[in-house]
Amino acid sequence: MKAVKQAKYIDRLSKLVTSKDAVIAFVGLGYVGLPNFLVFTGKKFKTIGIDLFPDRLNKIKKGISPIQGKEPGLAEMVKKISKQTNYLLSTSYQHIRKAHIVIIAVQTPINENHIPEYKHLKTAVKEVAKNLSKGSLVIVESTIAPGTITNVVIPMIEKTRGWKLNEDFYVGHCPERVMPGKLIHNLTTYARVVGGSTPEVSKLMAKLYRNATSGELDLTDYKTAEVVKTAENAFRDVQIAFSNQLALVAEQTGVNVFEARKLINKVEGRNVLMPGAGVGGHCIPKDPWLFIHPIRGRAHTSLIESARELNTHMPLHMAELTERALKEAGVDLDEATLAVLGYAYNADSDDARDTPTETLLAHLSGRRAKVRVHDPYVAPYQVELEKVLHSADAVLVMVGHSQYKSADVSVWGEFLRHKIIVDGRGAIDKVQARSLGFKYLGIGNL
Ligand code: SAJ
């Protein structure tokens, strides 16, 4: 009997998705959930948007995007959707009972000990479980440590309702692959890993996400999906750490790291990334810790931990190079005025989450140096560059914003007290700067 009922539920869901009669609830309307909600609502599914913040819901209802910053296509979609009638927005989880599919996209930060903080996820899953209708599918898009679906999500739903996975409800993990500045682009073009609690659930998820993305849909199980997402970003962190290790070796051996990188990358199968003043953002600094969470204290995690340690050291290395350059110019760091260029975590972005510049500023706050910050995209640093450069004893380039890369440093020299450039992103031409009388020290390129 149970097998027939199970087939009945999954077949019913599949038919509902095919006919677009499936009611899809989106829990969490942030960077991940809002684009999801907009795309599926635009595809004429009946959708329910659930979020804690009434203000965010009211903005969407009025056709105003609650997400700041340059997000091509987002504001237009919010405006268009707001005129449609196939959606409902609410702070109440009670509407979940109308849903056939629930997609959870809430934040999963890590605490100062690098342990996942799942209070948002647990609250969302608990409230969904309390209101879920039998035979529904719950998909988690938040980035989660391997083992979280098994140890947190499934037990919470089974215990809350006395149900059994794959008989009374289904579960899936489809990790988000968003990037600030490309939210709609990534969601509608990127490949997605769809990890269902049974192969039929994975197929159903692929049918669902085919409505969102033109990218490849890779069917697997939810455990593999958890490992793939956290590993893809942990891998990038290790790759960047290697570039930074190469830069430190280059500095000590009088080599230009960018020249070395170019020659290394000529060898088949090599892809050394760019060394720099640090690694920021909402994914790369966090996901490596999620990746090793299930094995900490039980198996070797030294590669990931030392990559994190080296990448986190890089903003401090910028301070070391600055102190050295000032000393050579007879200036004490504690008496110096520093012009820090770039606060965002990435070039030409206004996103400052987990920015390496904050690590630098915190480190310098322990010294008596006067520090001024400039960033063309991030308030309150969108000041006149000349004001930040005026009478500074050194310029620290922390972010490779185009404005800095294309700057005429001879103009910078007119404002500085000492013509010192410490380049954290290979943004300034060393030979040209030196020909203009600058003392130039670059990460991996002294
Ligand atoms: N960084 C370096 N050297 C590099 C690349 C990056 O120091 O060679 C630094 C950046 O300055 C930044 C941080 O690392 O501070 C992260 O940069 P990122 O280019 O990885 O950008 P993110 O954080 O937006 O990462 C996203 C991720 N995408 C998703 O999660 C969907 C990541 O998986 C992608 O690989 C990355 O974008 C990408 O490819 O652009």
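**The cavity**

A: α2 (33–42) and α7 (183–189) each supply at least two residues of the lining of the largest cavity. Helices (H or I, at least four residues) and strands (E, at least two) are DSSP runs, numbered from the N terminus. This is a predicted model, where local features need pLDDT of at least 70, side-chain atom pairs count only at pLDDT 80 or more, and totals for chains, interfaces and linings use all residues. Residues are numbered from 1 along each chain as its sequence is written, and side-chain values use heavy atoms, with hydrogens and water left out.

Q: How many cavities of 30 Å³ or more does the search find?
A: One, in a search of the whole structure. On a 1 Å grid over the protein atoms alone, a cavity is a set of points where a 1.4 Å probe fits but cannot get out; lining residues have an atom within 4 Å of a point.

Q: How much space lies in the largest cavity?
A: About 70 Å³. A volume is the space filled by probe spheres set on the points, and grid points are joined across faces, edges and corners.

Q: Which residues line the largest cavity?
A: Val32, Pro35, Asn36, Glu141, Glu176, Arg177, Val178, Asn186, Leu187, Tyr190 and Arg192. By class, the lining has five nonpolar, two polar and four charged residues. Ala, Val, Leu, Ile, Met, Phe, Trp, Tyr, Cys and Pro count as nonpolar, Asp, Glu, Lys and Arg as charged, and the others, Gly among them, as polar.

Q: Switching to helices. At what angle do α12 and α13 pack?
A: About 50°, with their axes 8 Å apart. α12 covers residues 302–328 and α13 covers residues 356–364. Axes are lines fitted to C-alpha atoms, for helices over the stretch in contact, and angles run from 0 to 180 degrees between N-to-C directions. α12 and α13 are therefore oblique to each other. Angles under 35 degrees count as roughly parallel, over 145 as roughly antiparallel, 65 to 115 as roughly perpendicular and the rest as oblique.

Q: Which residues make that contact of α12 and α13?
A: From α12, Thr312, Pro315, Leu316, Met318 and Ala319; from α13, Pro356, Thr359, Leu360, His363 and Leu364. Contact means heavy atoms within 4.5 Å. Seven of the residues are nonpolar, three are polar and none is charged.

Q: And at what angle do α9 and α12 pack?
A: About 45°, and their axes are 8 Å apart. That makes α9 oblique to α12. Residues of α9 including Ala234, Asp237 and Val238 meet residues of α12 including Leu303, Ile304 and Ala307. The contact of α9 with α12 has eleven nonpolar, four polar and three charged residues.

Q: What about α6 and α9, at what angle do they pack?
A: About 120°, with axes 9 Å apart; α6 is residues 148–161 and α9 is residues 222–253. That makes α6 oblique to α9. Thr148, Ile149, Thr150 and Ile154 in α6 meet Tyr222, Lys223 and Glu226 in α9.

Q: Now the backbone. Which residues does a cis peptide bond join?
A: Ala379 and Pro380, with omega about 0°. Pro380 sits in the loop between β10 (370–374) and α14 (385–389).

Q: Where is Lys44?
A: In the loop between α2 and β2 (46–50). Phi of Lys44 is near 70°, a positive value in a residue other than glycine.

Note on methods:
On a 1 Å grid over the protein atoms alone, a cavity is a set of points where a 1.4 Å probe fits but cannot get out, and a pocket is an open set with protein on both sides within 12 Å along at least five of seven lines; lining residues have an atom within 4 Å of a point.
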